[in-house]
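Hello,

I am passing on the structure we talked about, with some notes to read beside it. Please have a look when you have a moment.

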Amino acid sequence: MSDTQAVWERIEAWYAAHGASHLLHPGASEEAMAEAEQQLAMTFPRELRESLRRHDGSTAGGWRGGDLLSLEGIQSERQIWMDLLQGGDFDDNQDHNEHSGQVQPGWWNAGWIPLHADGGGNGYVIDTTPGQAGQVGQVLFMDHEVGPSEVMFSSLGSYLEDVLGELSSGEWVYSGEYDSLISRDELEEA
């Protein structure tokens, strides 16, 4: 069993224990993944394929801080960013992260695969074309107002471990009233 599958088993156990399994979509088929890769003109990293095989995203609000993107969501989010990139919207930000080494300079990179969306233009992305000091599959946070972060996680597996840690610690809880995950802080304010 791979590390990705092992962490997914623990995440699924948390969802099941909290009556929230229905928030995770069934897995994507090999054919659907191949079609998405063809439409995006890119190859998904092995960890992402394993994750999508397990769960093709989540329902709206069914993931920490928003939505775990499905194949359809990945394609839609990426198209928005690519349209902005190709339209010249980021031309003034070509030197963003230029001193990083781990991340290629720029506001958006065609080698990024959206993984998560918060509904406000922000979310985690998988970097398939890192800088010289980076590694393929590292995970960044893309904030539409301040640009991409430095590397947040070395891999999708470590991102999933972080999600599991926040679920297990009670930072995120399932709300039956909203049928979604909400932060403990939001729950206390409600």
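E50 and R46 form a side-chain salt bridge with an N to O distance of 2.7 Å (a salt bridge being a side-chain nitrogen of Lys or Arg within 4 Å of a carboxyl oxygen of Asp or Glu). The two are four residues apart in helix α3, so about one helical turn separates them. E50 is buried at 11% relative accessible area, whereas R46 is exposed at 53% (buried means under 20%, exposed over 50%, and partly exposed in between, with a 1.4 Å probe and protein chains only). Helices (H or I, at least four residues) and strands (E, at least two) are DSSP runs, numbered from the N terminus.

Before you read on: this is a predicted model, in which local features need pLDDT of at least 70 and side-chain atom pairs count only at pLDDT 80 or more, while totals for chains, interfaces and linings use all residues. Residues are numbered from 1 along each chain as its sequence is written, and side-chain values use heavy atoms, with hydrogens and water left out.

The whole structure holds nine salt bridges. Another of them joins R54 and E12 at 2.9 Å, N to O. This pair connects distant parts of the chain, with R54 in helix α3 and E12 in helix α1 (residues 3-17), 42 residues apart. R54 is partly exposed at 24%, and E12 is partly exposed at 22%. R49 and E37 also meet in a salt bridge, at 3.0 Å, N to O. Here R49 in helix α3 is linked to E37 in helix α2, 12 residues away, and both residues are buried. R49 and E37 belong, with E30 and R53, to a network of salt bridges.

On to the strands, where two count as paired if DSSP finds at least two bridges between them. β4 (residues 123-127) has five of its five residues buried, so the rest of the structure largely encloses this strand. Three bridges connect β4 with strand β2 (residues 112-114) in an antiparallel arrangement, and P114 stands opposite V125. β4 also pairs with strand β5 (residues 138-143), again antiparallel, over five bridges; there, I126 has V139 as its bridge partner.

Most residues other than glycine have a negative phi. A41, however, has a positive phi of about 55°; A41 sits in the loop between α2 and α3 and is exposed at 70%. D179 has a positive phi of about 50° and lies in the loop between β7 and β8.

Best wishes
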